[in-house]
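Try each task before you read its solution.

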Amino acid sequence: MEATIEVNGLRKAYGSTVALDGMTFTVTPGRVTAFVGPNGAGKSTTMRVVLGLDRVDAGTALVGGRPYRSLRTPLKHVGALLDASALHPARSGRDHLLWQAHSQGLRGQRVDEVLTLTGLADVGRRRAGGYSLGMRQRLGVAGALLGDPPVLMLDEPFNGLDPEGIRWMRGFLRALAAEGRAVLVSSHLMSELQDTAGHLVVVGRGKVVADTSVADLIAAASSDRVTLRTAARTEAMTALARVGATVAVTERDTLTVDGLSADRVVTVLSEAGVPFSEIAAHRATLEEAYMELTRDAVEFRATEVSR
Amino acid sequence: MIGLVRAELTKFRSVRGWLVGCGIAAVLMVLLAVVAAAGTDARVGGPRARGALPHSSDGTPVFDGFTFVQRPLDGDGTLTVRVASLSGVALRPPTPGDTAPEAPSGSEEEATTEPWAKAGLIIKAGTTPGSPYTAVMVTGSHGVRMQHDFVHDVAGPVDARWLRLVRTGGTVTAYASTDGAAWTRVGSAPLATGAVSAGIFVATPPHQEYEQFLGGTSVVGGGAIATGTFDNLSAAGTGPGGDWTMVSVGADDSPNRPESTSTREGDTFVLRGAGDIAPIDGGAGPKQEQLLSGGFLALTVLAVLGVLFVTTEYRRGLVRTTFAATPSRVRVLAAKAVVLGAVTFAVGLVAATAALLVGTAIRGANHYPADALTQVRIVVGTAALIAVATVLALAIGTILRRGAGAVAAVVVLITLPYILSAAAVLPAATADWVLRITPAAAFAVQQTVPEWPQVDQAYTPAFGFFPLPAWGGFAVLCCWTAVALVVAAALLRRRDA
Amino acid sequence: MSTALYAEWTKLRTVAGPFWLVALAAVLTTALSAVTARAVSCAAAGCGVDAPLIALTGVQLGQAVVAVLAVMVVGDEYRTGMIRTTLAATPSRAVLLGAKSVVVAGATLAAAVPGVLGAWLAARLIMPGRGFTAEHGYAPLSLTDGGTLRAFAGSALYLTLVALLSLGIAAAVRDAPTGVGVVLGLLYLAPILAAVVSDPDWERRLHQIMPSDAGAAIQHTIDLPSLPIGPWPGLGVLALWSAGALVLGGLLLRLRDA
């Protein structure tokens with residue numbers, strides 16, 4: 001089976017509130033696709049639609065080319081983590097996985113495998129009600145892995161994880177993608193996905209704002225800006241201004257140069273014989289790039305909330 | 001505390017589903033009143049059946065049929081008589097296919113005297129059924145009684161055989177004696193001045209045996225006939241030389257009633273006849289409280305709300321926010337109880353009033369009469385019952401912390417005992433006992449038909465009679481609720497949130 | 001279907017709640033039956049008491065516990081949000097509800113059979129001492145007697161159908177306390193309505209259509225022609241209610257967002 005999630009033109013409204021407004025994207029195997037957007041942008045709704053939990057007014061969502069409700073053993077096609085706290089508090093973590101395994105015709109042995117894989121082997125027989133949020137997230141991931149599916153879909157898996165847990169989750173997601181799986185991870189905190197996601201689907205107000213590789217996005221967001229440290233401030237400004245750059249003084253011996261690449265700045269300064277002690281090309285963080293993209297799409301502005 | 005109550009009130013009214021629940025409870029209550037009113041069968045005590053009955057001066061429907069040997073009495077006077085013997089025996093019940101009983105004589109069955117067979121003196125404002133009277137009589141097994149205006153009953157000496165009625169102005173006084181010499185005053189009652197009828201009478205209510213079996217109660221029985229032998233009759237003040245004439249009062253009340261007869265041999269009078277002079281019990285006929293039977297459904301809906309009011313806090317972890325805002329958990333419980341009790345009382349009051357009005361509009365006055373005070377009592381009582389039961393649900397919800405179990409517990413505690421008792425699954429004695437100790441006792445607030453000590457009737461839950469008085473039954477529910485609240489408060493303090 | 005069934009069975013047996021409810025239902029059914037058998041007496045021949053009916057009074061209490069059990073099977077999943085995990089694992093709503101029905105029916109029978117047998121045993125021990133003797137026309141209750149067997153076995157079926165009714169209603173209302181309220185309101189309403197409505201035609205119709213009344217016809221062994229509805233048709237009416245509730249619940253499960 002093809003390891004993909006294809007979401008095409010999803011529309012859904014709750015009364016007059018539009019939740020999904022033509023959501024369209026594809027998740028391909030072999031990389032982690034970050035599914036990001038502000039709260040209420042439609043991430044969770046899209047995931048529920050993919051899992052056949054919510055109905056849509058229009059559009060299709062296919063897993064490996066088939067609608068979810070037509071799958072006989074769906075957990076072998078796609079593993080999902082929606083809400084890690086959605087479990088019966090009196091049931092042990094192992095039993096929580098066991099019934100899911102049984103629903104797919106899997107054996108208890110597989111449950112022990114995924115418990116070990118997610119580092120829960122020791123606590124598996126304890127009441128799930130007593131688990132910390134981090135343990136529940138791991139249990140949720142274990143459930144998603146039960147059927148060894150080619151497609152994984154995780155909703156906010158970093159929620160409630162401690163720094164060690166975040167690091168573990170990042171490595172885990174990368175490893176799963178490296179095995180050739182299609183991994184869709186939603187988050188509203190871009191920084192969590194730094195160094196993890198290879199592809200990015202940014203959503204806002206129920207539709208896709210950007211569908212791009214992380215490298216391209218960062219390159220686009222990192223405009224030509226160079227930071228220059230020099231003792232000969234005035235000479236440097238004169239030389240750079242002559243070739244058309246915009247120069248601003250940020251500190252006593254530091255200048256910010258816009259409109260020229262770092263190589264070009266070095267060449268210009270060398271030709272003019274201006275000494276400099278340090279030169280650095282500015283590189284946007286994923287966070288900055290994301291903020292840039294979603295500036296118009298953010299639904300709940302801070303000012304509105306704080307009122 | 002006021003702030004706390006306001007906080008809980010805000011919590012309650014900000015969940016739309018709970019407001020909808022209150023509305024559903026009220027609608028169901030009115031709906032049941034409509035069903036109860038529309039489902040009333042005119043053939044079983046409909047207006048034609050009920051309307052034919054005489055009423056006493058205070059509006060109580062009464063039986064007023066007896067064999068009366070009388071003279072007119074215009075002013076003051078004194079009647080004295082000795083009741084030589086009284087027998088009241090059951091007639092053989094009609095066999096199927098046999099519409100009327102055989103002639104009274106010869107078909108008498110057993111010699112056990114009907115307990116409320118009556119023979120004695122009566123002064124009555126005319127022979128029209130329902131007219132006021134005062135009487136003193138010997139009864140089958142309840143000794144000498146003085147009764148007046150149907151609903152009043154005063155016990156006299158047990159073994160007296162001599163009876164006397166003295167009319168002075170607007171008052172009639174009754175005396176009894178064992179030997180005709182030493183007289184004991186039994187009581188006195190007002191009676192309008194003017195021309196009245198005075199004389200001796202016999203009557204006996206029909207023979208009845210109650211048998212209760214699953215799903216119903218059957219009344220086994222049939223006609224009975226009383227025979228009274230009187231002598232030493234004297235009547236000072238009655239019409240001069242006027243002869244004693246027999247009147248069968250209310251004779252056409254029931255077609256199966258044995259014929260009244262009277263014979264006189266010298267000073268000895270022998271009167272035979274059936275009938276009774278007594279209020280009618282509400283028995284099987286329509287009653288006003290039936291219009292409020294939707295209280296069960298309203299209560300079930302509101303019990304769900306009461307349980308949810310606390311269990312949803314646990315479900316969502318909201319309880320931690322609540323207890324962080326108000327560390328005194330008992331006060332939180334108290335505030336919840338106050339809010340829930342007040343809101344559901346208001347809902348119950350509106351619903352019960354509407355149910356009574358709508359039901360009465362459909363059914364008319366086709367039911368056992370209830371005066372205004374009684375109507376207020378059943379409406380307010382029903383609202384109070386619903387409110388306290390909802391608070392009980394809140395307490396049980398707090399104790400169990402599991403909504404489903406708590407709802408089941410409340411419904412089973414309140415409804416099931418009532419069903420088992422009223423649907424006559426349990427024998428009357430057990431049913432009485434159940435309705436004394438379970439919260440279902442509170443449904444006594446809805447009883448409109450009084451129990452008459454001078455009328456032999458099956459005063460059992462199956463006929464809508466509760467063993468406890470209205471507020472006594474309500475107190476039982478309050479006790480249950482208080483205990484549940486105390487347990488809930490203790491557990492709240494002890495347990496982790 | 002078999003995998004979904006296996007999963008539902010695993011769910012049921014891995015928490016303690018259902019086990020205790022099964023035990024409670026059995027115990028309460030027997031207990032109320034025993035108490036009622038102790039309260040009722042037969043003074044003379046022809047006292048007209050339907051002995052098996054008395055002996056099965058506890059079913060009226062047992063059904064409340066059974067309703068809780070069945071409602072919780074769905075209600076707990078909605079309470080915790082686990083329903084989404086369940087539907088992700090078993091996307092076919094019909095298969096899921098079918099699997100739950102089988103498991104709930106099984107659990108109910110596990111409560112009903114011992115409960116009803118306990119009631120039978122209690123009646124057999126108690127009722128002869130209460131005047132239900134051969135002289136009064138009562139042979140000891142025997143399960144080989146056709147009518148008695150129908151009453152007792154039918155009561156187990158009655159409880160099972162009540163459980164399925166509850167399951168369907170729970171799937172429709174998606175909340176356990178509300179579900180229990182609706183089910184018990186429906187079950188206990190009938191006798192109250194019947195007490196209020198005095199028109200014999202109405203009363204008869206009520207007995208014929210209300211789930212608990214019609215279903216309880218299966219417990220009658222004497223005077224069957226005078227019943228508003230026969231034992232098996234009565235149970236059939238209850239079965240229709242259960243089927244209707246399950247269809248409604250399944251349909252809503254299919255149409256609504258989880």
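**Exercise 1. Decide whether Arg283(A) is buried or exposed.**

Solution. Start with the rule: a residue is buried if 20 or more other C-beta atoms lie within 10 Å of its own, exposed if 12 or fewer, and partly exposed in between, with C-beta atoms placed from the backbone. Next, count: Arg283(A) has 11 C-beta neighbours inside 10 Å, so Arg283(A) is exposed. Now place Arg283(A) in the chain: it sits in the loop between β14 and α9 (286-294) of chain A. Helices (H or I, at least four residues) and strands (E, at least two) are DSSP runs, numbered from the N terminus. Then look for contacts, where two residues touch if their C-beta atoms, placed from the backbone, lie within 7 Å. Leaving aside residues up to four places away in sequence, Arg283(A) touches Ile218(A) and Ser222(A). Finally, Val226(A) is 57 residues from Arg283(A) in sequence, with 9.4 Å between their C-alpha atoms.

A note on the model: it is predicted, with local features needing pLDDT of at least 70 and side-chain atom pairs counting only at pLDDT 80 or more, while totals for chains, interfaces and linings use all residues. Residues are numbered from 1 along each chain as its sequence is written, and chains are lettered from A and ligands numbered from 1 in the order in which they are written.

**Exercise 2. Work out the strand order of the open four-stranded sheet in chain A, and explain why β12(A) and β14(A) each have one side without a neighbour.**

Solution. Pairing comes first: two strands pair if DSSP finds at least two bridges between them. From one strand to the next, the twist averages 20 degrees.

Take one pair in detail. Five bridges join β12(A) to β13 (residues 254-258) of chain A in the antiparallel sense, and Val249(A) has Leu255(A) in β13(A) as its bridge partner.

α8 (residues 262-272) of chain A lies across β11 (225-229), β13 and β14 of chain A, at about 155 degrees to β14(A). Here axes are lines fitted to C-alpha atoms, for helices over the stretch in contact, and angles run from 0 to 180 degrees between N-to-C directions.

**Exercise 3. Describe α8(B), and say what it gives to the side of chain B that touches chain C.**

Solution. Begin with length: α8 (residues 403-422) of chain B has 20 residues and spans 28 Å from first to last C-alpha, close to the 28 Å expected. The expected span is 1.5 Å times one less than the number of residues. Next comes shape: α8(B) has a kink of about 35 degrees centred on Val412(B), the bend being the angle between axes fitted to the seven residues ending at a residue and the seven starting there. For burial, 20 of its 20 residues are buried.

Now the interface. Chain B contributes 37 residues and chain C 38 residues. α8(B) gives the most to the chain B side, with 11 residues. That side has 25 nonpolar, 10 polar and two charged residues. Ala, Val, Leu, Ile, Met, Phe, Trp, Tyr, Cys and Pro count as nonpolar, Asp, Glu, Lys and Arg as charged, and the others, Gly among them, as polar.

**Exercise 4. Which of the two pairs of touching chains has the most contacts?**

Solution. Chains B and C have the most. Chains A and B do not touch, their nearest C-alpha atoms being 11 Å apart. Chain A meets chain C through 27 residues of chain A and 24 residues of chain C.
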